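This report goes through charged pairs, surface patches and one annotated span. The sequence and the structure come first.

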Amino acid sequence: MKCSSSWFGAAVPVTGWSPPHAAGTLMLITDTLLEIIDDLAHLVDKTDNRIRNETRRVKLVETKSASCGMLVVIVLLLIAIIVVAAWPK
């Protein structure tokens, strides 16, 4: 019997296919594809969770950097007020 290569390395006969053999091969392919889809779904969920976590961290850093900028401005204004108040008349 002559065979050709098929998905996942299983040999598929070129001639003499029987319906049960074809059904078994299709079930093997279907099961393997469903496992691949499940793995992809799991990876997408993990990636989605990581993106959400990193987005939260970016928002936190943005908030902290904005408040840091305000503190720098306040300190500079206080220094300016002290310099102006201490300036000889």
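## Salt bridges

Two salt bridges are present in the structure, a salt bridge being a side-chain nitrogen of Lys or Arg within 4 Å of a carboxyl oxygen of Asp or Glu. Side chains of opposite charge can pair when their charged atoms come close. This is a predicted model, in which local features need pLDDT of at least 70 and side-chain atom pairs count only at pLDDT 80 or more, while totals for chains, interfaces and linings use all residues. Residues are numbered from 1 along each chain as its sequence is written, and side-chain values use heavy atoms, with hydrogens and water left out.

Helices are DSSP runs of H or I with at least four residues, strands are runs of E with at least two, and both are numbered from the N terminus.

D48 counts as partly exposed because its relative accessibility is 33%. R52 also counts as partly exposed, at 48% relative accessibility. Here buried means under 20% relative accessible area, exposed over 50%, and partly exposed in between, with a 1.4 Å probe and protein chains only.

## E54 with R57

R57 forms a salt bridge with E54, and their closest N and O atoms are 3.2 Å apart. These residues are three apart in helix α1, about one turn of the helix. R57 is exposed, with a relative accessible area of 54%, whereas E54 is partly exposed at 42%.

## Surface patches

D31, E35, D38 and D39 make up a negative surface patch, and D39 lies in helix α1. Patches consist of residues with over 30% relative accessible area and no salt bridge, joined within 9 Å for like charges and within 5 Å for nonpolar side chains (Val, Leu, Ile, Met, Phe, Trp, Tyr). Asp and Glu count as negative, Lys and Arg as positive, and His and the chain ends are not counted. The place of a charge is NZ of Lys, CZ of Arg, CG of Asp or CD of Glu.

A nonpolar surface patch consists of V72, V75, L76, I79, V83 and W87, which together have about 600 Å² of accessible area. Such areas come from the Shrake-Rupley method with a 1.4 Å probe. V83 is found in helix α1 and is partly exposed, at 43% relative accessible area.

## Annotated span

An unreviewed UniProt entry annotates residues 66-87 as "transmembrane region"; such annotations may be inferred rather than shown by experiment. In the model, residues 66-87 are 95% helix and 0% strand, and their end C-alpha atoms lie 32 Å apart.
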